[in-house]
Amino acid sequence: MFSFEVVPGKVVKDILDTSMPDVVNVVEDAYLRHDDGRTINPDSYFLRFPEKPDARIIALPAFADLTSGQVAGIKWISSFPANVRQDVPRASAVLILNDYDTGYPRAMLEAASISAARTAASAAVAARALAKHVPGNGEVAIVGAGVIARTIVRYLAAVGYRIDRLSVFDLHAGSADHLVALAKDELGVAAVRVASVDEALDAQTVVTATTAATPHISRPVAPGQVVLNISLRDFAASVVLGAQNYFDDVEHCMKANTSPHLAEQETGNRDFVTGTIADVVRGRALPDPARGVLVSPFGLGVLDLAVGQHVLLAARTQGLAIDVPDFFGETRRW
(Lines give C-alpha, C1' and ligand atoms only; values in the text may rest on other atoms or scores of the structure.)
Protein backbone atom coordinates (compact mmCIF):
# COMPACT_ATOMS: atom_id res chain seq x y z
CA MET A 1 0.00 0.00 0.00
CA PHE A 2 2.77 2.44 0.90
CA SER A 3 5.17 1.83 -1.96
CA PHE A 4 5.95 4.75 -4.25
CA GLU A 5 7.83 4.55 -7.54
CA VAL A 6 9.39 7.06 -9.92
CA VAL A 7 9.88 6.44 -13.63
CA PRO A 8 12.41 8.88 -15.17
CA GLY A 9 12.00 10.46 -18.58
CA LYS A 10 14.62 8.38 -20.39
CA VAL A 11 12.97 5.15 -19.25
CA VAL A 12 9.55 6.50 -20.26
CA LYS A 13 10.77 7.54 -23.70
CA ASP A 14 12.57 4.25 -24.35
CA ILE A 15 9.46 2.23 -23.46
CA LEU A 16 7.25 4.40 -25.64
CA ASP A 17 9.66 4.37 -28.60
CA THR A 18 9.81 0.57 -28.57
CA SER A 19 6.08 -0.07 -28.15
CA MET A 20 4.28 2.36 -30.47
CA PRO A 21 1.79 -0.18 -31.88
CA ASP A 22 0.94 -1.22 -28.30
CA VAL A 23 0.46 2.41 -27.28
CA VAL A 24 -1.95 2.96 -30.18
CA ASN A 25 -3.97 -0.05 -29.07
CA VAL A 26 -3.93 1.16 -25.45
CA VAL A 27 -5.27 4.56 -26.55
CA GLU A 28 -7.93 2.99 -28.78
CA ASP A 29 -9.05 0.79 -25.88
CA ALA A 30 -9.22 3.86 -23.63
CA TYR A 31 -11.45 5.62 -26.17
CA LEU A 32 -13.78 2.64 -26.25
CA ARG A 33 -13.90 2.44 -22.45
CA HIS A 34 -14.64 6.16 -22.35
CA ASP A 35 -17.43 5.56 -24.86
CA ASP A 36 -18.77 2.79 -22.59
CA GLY A 37 -18.91 5.14 -19.59
CA ARG A 38 -16.08 3.42 -17.74
CA THR A 39 -14.06 6.60 -17.21
CA ILE A 40 -14.36 9.91 -15.41
CA ASN A 41 -12.82 12.84 -17.25
CA PRO A 42 -13.46 16.23 -15.54
CA ASP A 43 -12.66 19.55 -17.15
CA SER A 44 -9.02 20.51 -17.38
CA TYR A 45 -7.90 23.32 -15.06
CA PHE A 46 -5.69 26.13 -16.35
CA LEU A 47 -3.18 28.15 -14.37
CA ARG A 48 -2.39 31.31 -16.35
CA PHE A 49 0.04 34.17 -15.78
CA PRO A 50 -0.86 37.81 -16.50
CA GLU A 51 2.70 38.67 -17.52
CA LYS A 52 2.98 35.56 -19.76
CA PRO A 53 -0.33 35.40 -21.64
CA ASP A 54 0.85 32.62 -23.95
CA ALA A 55 2.01 30.38 -21.09
CA ARG A 56 -0.07 28.04 -18.95
CA ILE A 57 0.11 25.03 -16.67
CA ILE A 58 -2.79 22.59 -16.96
CA ALA A 59 -4.12 19.98 -14.55
CA LEU A 60 -5.93 17.00 -16.09
CA PRO A 61 -7.49 14.75 -13.42
CA ALA A 62 -9.11 11.49 -14.51
CA PHE A 63 -10.19 7.96 -13.63
CA ALA A 64 -10.26 4.93 -15.90
CA ASP A 65 -11.37 1.33 -15.51
CA LEU A 66 -8.63 -0.25 -17.64
CA THR A 67 -7.84 -3.82 -18.63
CA SER A 68 -4.89 -3.64 -16.23
CA GLY A 69 -7.05 -2.34 -13.37
CA GLN A 70 -8.79 0.75 -12.06
CA VAL A 71 -6.55 3.78 -11.83
CA ALA A 72 -6.97 7.44 -10.95
CA GLY A 73 -4.46 10.20 -11.45
CA ILE A 74 -3.57 13.62 -12.71
CA LYS A 75 -1.27 15.07 -15.36
CA TRP A 76 0.32 18.44 -14.56
CA ILE A 77 1.63 19.83 -17.83
CA SER A 78 3.12 23.21 -18.65
CA SER A 79 3.12 24.91 -22.02
CA PHE A 80 5.61 27.76 -22.30
CA PRO A 81 5.98 28.56 -26.03
CA ALA A 82 8.84 30.99 -25.39
CA ASN A 83 11.00 27.99 -24.51
CA VAL A 84 11.50 27.18 -28.18
CA ARG A 85 13.53 30.36 -28.65
CA GLN A 86 16.15 28.72 -26.41
CA ASP A 87 15.82 25.37 -28.22
CA VAL A 88 14.05 23.93 -25.17
CA PRO A 89 10.84 21.92 -25.59
CA ARG A 90 7.64 23.92 -25.12
CA ALA A 91 5.98 21.37 -22.82
CA SER A 92 7.06 19.62 -19.63
CA ALA A 93 4.94 17.38 -17.44
CA VAL A 94 4.57 14.87 -14.64
CA LEU A 95 1.90 12.21 -14.21
CA ILE A 96 0.76 10.97 -10.80
CA LEU A 97 -1.02 7.61 -10.63
CA ASN A 98 -3.17 6.87 -7.57
CA ASP A 99 -4.27 3.56 -6.08
CA TYR A 100 -8.04 3.34 -6.56
CA ASP A 101 -8.64 1.36 -3.34
CA THR A 102 -6.84 3.72 -0.95
CA GLY A 103 -6.33 6.94 -2.94
CA TYR A 104 -2.63 6.87 -2.12
CA PRO A 105 -0.35 8.05 -4.93
CA ARG A 106 1.71 5.07 -6.04
CA ALA A 107 3.87 6.37 -8.88
CA MET A 108 5.17 9.52 -10.54
CA LEU A 109 6.26 9.45 -14.18
CA GLU A 110 7.96 12.10 -16.27
CA ALA A 111 5.13 12.76 -18.68
CA ALA A 112 6.14 15.06 -21.54
CA SER A 113 6.77 11.97 -23.66
CA ILE A 114 3.56 10.35 -22.40
CA SER A 115 1.58 13.44 -23.36
CA ALA A 116 3.14 13.56 -26.83
CA ALA A 117 2.59 9.81 -27.32
CA ARG A 118 -1.06 9.82 -26.29
CA THR A 119 -1.68 12.82 -28.57
CA ALA A 120 0.05 11.16 -31.51
CA ALA A 121 -1.66 7.85 -30.81
CA SER A 122 -5.02 9.65 -30.83
CA ALA A 123 -4.26 10.92 -34.31
CA ALA A 124 -3.12 7.46 -35.39
CA VAL A 125 -6.26 5.78 -34.03
CA ALA A 126 -8.45 8.26 -35.91
CA ALA A 127 -6.40 8.06 -39.13
CA ARG A 128 -6.36 4.25 -39.09
CA ALA A 129 -10.12 4.03 -38.56
CA LEU A 130 -10.95 6.70 -41.16
CA ALA A 131 -8.65 5.15 -43.77
CA LYS A 132 -11.08 2.23 -44.09
CA HIS A 133 -13.67 4.68 -45.44
CA VAL A 134 -11.60 7.61 -46.75
CA PRO A 135 -8.30 6.06 -47.90
CA GLY A 136 -5.22 8.23 -47.95
CA ASN A 137 -3.49 8.80 -51.27
CA GLY A 138 -0.02 9.11 -49.73
CA GLU A 139 0.14 12.91 -49.79
CA VAL A 140 0.50 14.04 -46.15
CA ALA A 141 1.32 17.49 -44.77
CA ILE A 142 2.20 18.79 -41.32
CA VAL A 143 1.61 22.37 -40.21
CA GLY A 144 3.79 23.00 -37.18
CA ALA A 145 7.03 21.05 -36.74
CA GLY A 146 7.59 20.59 -33.03
CA VAL A 147 7.76 17.58 -30.72
CA ILE A 148 4.09 16.70 -31.23
CA ALA A 149 4.44 16.84 -35.02
CA ARG A 150 7.43 14.51 -35.13
CA THR A 151 5.71 12.10 -32.76
CA ILE A 152 2.58 12.06 -34.93
CA VAL A 153 4.62 11.24 -38.04
CA ARG A 154 6.22 8.31 -36.22
CA TYR A 155 2.86 7.02 -34.99
CA LEU A 156 1.18 7.33 -38.39
CA ALA A 157 4.02 5.26 -39.81
CA ALA A 158 3.66 2.76 -36.95
CA VAL A 159 0.02 2.01 -37.86
CA GLY A 160 0.85 1.74 -41.56
CA TYR A 161 -0.88 4.94 -42.63
CA ARG A 162 0.14 5.66 -46.19
CA ILE A 163 2.81 8.38 -46.45
CA ASP A 164 4.44 8.59 -49.85
CA ARG A 165 5.37 12.26 -49.60
CA LEU A 166 5.44 14.52 -46.54
CA SER A 167 5.16 18.30 -46.84
CA VAL A 168 6.16 20.31 -43.77
CA PHE A 169 5.45 23.94 -42.92
CA ASP A 170 6.55 25.83 -39.84
CA LEU A 171 7.12 29.54 -39.25
CA HIS A 172 10.55 28.47 -38.01
CA ALA A 173 12.25 27.06 -41.11
CA GLY A 174 14.86 25.21 -39.06
CA SER A 175 12.19 23.19 -37.24
CA ALA A 176 10.61 22.25 -40.56
CA ASP A 177 13.99 21.15 -41.89
CA HIS A 178 14.55 18.93 -38.84
CA LEU A 179 11.22 17.18 -39.37
CA VAL A 180 11.95 16.75 -43.08
CA ALA A 181 15.30 15.15 -42.21
CA LEU A 182 13.67 12.83 -39.65
CA ALA A 183 11.06 11.67 -42.17
CA LYS A 184 13.76 10.94 -44.74
CA ASP A 185 16.41 9.39 -42.50
CA GLU A 186 14.31 7.51 -39.95
CA LEU A 187 11.21 6.58 -41.91
CA GLY A 188 12.47 6.56 -45.48
CA VAL A 189 9.73 8.95 -46.58
CA ALA A 190 10.15 11.54 -49.33
CA ALA A 191 9.77 14.86 -47.53
CA VAL A 192 10.06 18.55 -48.35
CA ARG A 193 9.67 21.88 -46.57
CA VAL A 194 6.96 24.02 -48.16
CA ALA A 195 6.75 27.79 -48.14
CA SER A 196 3.22 28.38 -46.88
CA VAL A 197 0.29 26.95 -44.95
CA ASP A 198 -1.74 27.10 -48.14
CA GLU A 199 0.73 24.86 -49.94
CA ALA A 200 0.56 22.36 -47.07
CA LEU A 201 -3.23 22.37 -47.27
CA ASP A 202 -3.03 20.94 -50.80
CA ALA A 203 -2.26 17.50 -49.34
CA GLN A 204 -4.99 14.88 -49.01
CA THR A 205 -4.14 14.29 -45.33
CA VAL A 206 -3.21 17.32 -43.25
CA VAL A 207 -2.05 17.43 -39.63
CA THR A 208 -2.09 20.73 -37.77
CA ALA A 209 0.08 20.89 -34.65
CA THR A 210 0.64 24.55 -33.80
CA THR A 211 0.25 26.78 -30.75
CA ALA A 212 -1.80 29.43 -32.58
CA ALA A 213 -3.96 31.45 -30.19
CA THR A 214 -6.52 32.50 -32.83
CA PRO A 215 -7.75 30.98 -36.11
CA HIS A 216 -5.55 31.59 -39.16
CA ILE A 217 -6.92 29.03 -41.64
CA SER A 218 -10.15 29.77 -43.49
CA ARG A 219 -9.70 27.45 -46.47
CA PRO A 220 -12.46 24.78 -46.49
CA VAL A 221 -11.63 21.11 -46.06
CA ALA A 222 -11.84 19.63 -49.57
CA PRO A 223 -14.00 16.63 -50.52
CA GLY A 224 -12.08 13.44 -49.71
CA GLN A 225 -9.57 15.33 -47.56
CA VAL A 226 -8.79 14.29 -43.96
CA VAL A 227 -7.53 16.91 -41.51
CA LEU A 228 -6.20 15.84 -38.12
CA ASN A 229 -6.74 19.01 -36.12
CA ILE A 230 -4.41 18.51 -33.17
CA SER A 231 -4.14 22.27 -32.61
CA LEU A 232 -6.89 23.95 -30.66
CA ARG A 233 -7.50 27.09 -32.68
CA ASP A 234 -6.05 26.90 -36.19
CA PHE A 235 -9.35 26.84 -38.08
CA ALA A 236 -12.01 29.49 -38.56
CA ALA A 237 -15.53 28.53 -37.53
CA SER A 238 -16.54 28.43 -41.20
CA VAL A 239 -14.09 25.56 -41.81
CA VAL A 240 -15.59 23.55 -38.98
CA LEU A 241 -19.12 24.22 -40.19
CA GLY A 242 -18.29 23.06 -43.70
CA ALA A 243 -16.74 19.73 -42.69
CA GLN A 244 -17.71 16.40 -41.19
CA ASN A 245 -16.49 16.69 -37.60
CA TYR A 246 -15.24 13.97 -35.26
CA PHE A 247 -14.05 14.52 -31.68
CA ASP A 248 -12.45 12.46 -28.95
CA ASP A 249 -15.13 13.87 -26.62
CA VAL A 250 -17.65 16.43 -27.83
CA GLU A 251 -18.21 18.23 -24.53
CA HIS A 252 -14.51 18.37 -23.79
CA CYS A 253 -13.77 20.05 -27.13
CA MET A 254 -16.44 22.76 -26.83
CA LYS A 255 -14.53 24.98 -24.42
CA ALA A 256 -11.89 27.71 -24.27
CA ASN A 257 -12.64 29.18 -27.71
CA THR A 258 -11.32 26.22 -29.64
CA SER A 259 -12.28 26.17 -33.31
CA PRO A 260 -15.29 23.88 -32.65
CA HIS A 261 -16.31 26.06 -29.70
CA LEU A 262 -16.24 29.11 -31.96
CA ALA A 263 -18.46 27.26 -34.43
CA GLU A 264 -20.90 26.45 -31.64
CA GLN A 265 -20.93 30.08 -30.50
CA GLU A 266 -21.56 31.28 -34.05
CA THR A 267 -24.47 28.92 -34.72
CA GLY A 268 -25.90 28.40 -31.25
CA ASN A 269 -26.00 24.63 -31.82
CA ARG A 270 -23.89 21.52 -32.38
CA ASP A 271 -25.49 20.33 -35.58
CA PHE A 272 -22.02 20.24 -37.18
CA VAL A 273 -20.95 17.33 -34.91
CA THR A 274 -20.78 14.09 -36.90
CA GLY A 275 -19.55 11.82 -34.12
CA THR A 276 -16.59 10.71 -32.04
CA ILE A 277 -13.47 8.72 -32.77
CA ALA A 278 -15.11 5.80 -30.95
CA ASP A 279 -18.05 6.08 -33.36
CA VAL A 280 -15.70 5.58 -36.30
CA VAL A 281 -13.80 2.72 -34.65
CA ARG A 282 -17.08 0.98 -33.83
CA GLY A 283 -18.58 1.55 -37.27
CA ARG A 284 -21.11 4.18 -36.24
CA ALA A 285 -21.47 7.66 -37.80
CA LEU A 286 -19.17 6.81 -40.71
CA PRO A 287 -17.82 9.57 -42.98
CA ASP A 288 -19.07 10.37 -46.45
CA PRO A 289 -15.99 10.08 -48.73
CA ALA A 290 -17.41 12.86 -50.91
CA ARG A 291 -17.04 15.39 -48.09
CA GLY A 292 -14.09 16.70 -46.12
CA VAL A 293 -13.32 15.27 -42.67
CA LEU A 294 -12.02 17.30 -39.73
CA VAL A 295 -10.93 15.33 -36.66
CA SER A 296 -10.31 17.23 -33.40
CA PRO A 297 -8.67 15.00 -30.78
CA PHE A 298 -7.78 17.63 -28.19
CA GLY A 299 -6.72 15.10 -25.58
CA LEU A 300 -8.35 13.44 -22.58
CA GLY A 301 -6.82 12.81 -19.19
CA VAL A 302 -7.99 9.20 -19.36
CA LEU A 303 -5.60 8.67 -22.27
CA ASP A 304 -2.68 9.88 -20.16
CA LEU A 305 -3.67 7.42 -17.44
CA ALA A 306 -3.87 4.54 -19.92
CA VAL A 307 -0.48 5.28 -21.48
CA GLY A 308 1.06 6.01 -18.07
CA GLN A 309 -0.17 2.69 -16.72
CA HIS A 310 1.29 0.93 -19.77
CA VAL A 311 4.67 2.58 -19.14
CA LEU A 312 4.64 1.89 -15.40
CA LEU A 313 3.92 -1.81 -15.85
CA ALA A 314 6.63 -2.09 -18.52
CA ALA A 315 9.14 -0.27 -16.30
CA ARG A 316 8.36 -2.63 -13.43
CA THR A 317 8.77 -5.68 -15.67
CA GLN A 318 12.14 -4.38 -16.86
CA GLY A 319 13.27 -3.46 -13.33
CA LEU A 320 13.50 0.23 -14.25
CA ALA A 321 10.90 1.73 -11.88
CA ILE A 322 12.72 3.39 -8.99
CA ASP A 323 11.26 2.66 -5.55
CA VAL A 324 11.35 5.57 -3.09
CA PRO A 325 11.61 4.15 0.45
CA ASP A 326 9.71 5.95 3.22
CA PHE A 327 8.02 8.32 0.80
CA PHE A 328 5.02 8.53 3.13
CA GLY A 329 5.90 10.03 6.47
CA GLU A 330 3.08 8.38 8.41
CA THR A 331 1.64 4.97 7.69
CA ARG A 332 -0.53 4.57 10.80
CA ARG A 333 -3.19 6.83 12.26
CA TRP A 334 -1.99 6.25 15.83
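Aromatic pairs and a buried asparagine

In this predicted model, ring pairs link F2, F4, Y104, F327 and F328 into a cluster, and a search of the whole structure finds 8 aromatic pairs.

Q: Why is the pair of F4 and F327 called stacked?
A: The ring centres of F4 and F327 lie 3.9 Å apart, with 10 degrees between the planes; centres within 6.5 Å make a pair and planes under 30 degrees apart count as stacked, so the pair is stacked.

Q: What makes this pair a tie between separate parts of the chain?
A: F4 lies in the segment before strand 1 (5-7), whereas F327 lies in the segment after strand 16 (322-323), so the pair ties together parts that are 323 residues apart in sequence.

Q: What makes the pair of F63 and Y100 tilted?
A: The planes of F63 and Y100 are at 35 degrees, with 4.8 Å centre to centre, and since stacked needs under 30 degrees and edge-to-face over 60, the pair is tilted.

Q: How do you know that N245 is buried?
A: N245, which is in strand 13 (residues 244-247), has 0% relative accessibility, and buried means under 20%, so N245 counts as buried.

Q: What makes the approach of the N245 side chain to F272 close enough for the polar-contact distance?
A: A polar atom of the N245 side chain lies 3.2 Å from the backbone oxygen of F272, and the cut-off is within 3.5 Å.

Terms used. Residues numbered from 1 in each chain as written. Predicted model: local features only at pLDDT ≥ 70, side-chain atom pairs only at ≥ 80, totals over all residues. Heavy atoms only, no water. Helix = DSSP H or I, 4+ residues; strand = E, 2+ residues; numbered from the N terminus. Buried < 20%, exposed > 50% of the residue type's maximum accessible area, 1.4 Å probe, protein only. Polar contact = N/O pair within 3.5 Å; in protein donor to acceptor, adjacent residues only side chain to side chain. Phe/Tyr/Trp six-rings, centres within 6.5 Å; stacked < 30°, edge-to-face > 60°.
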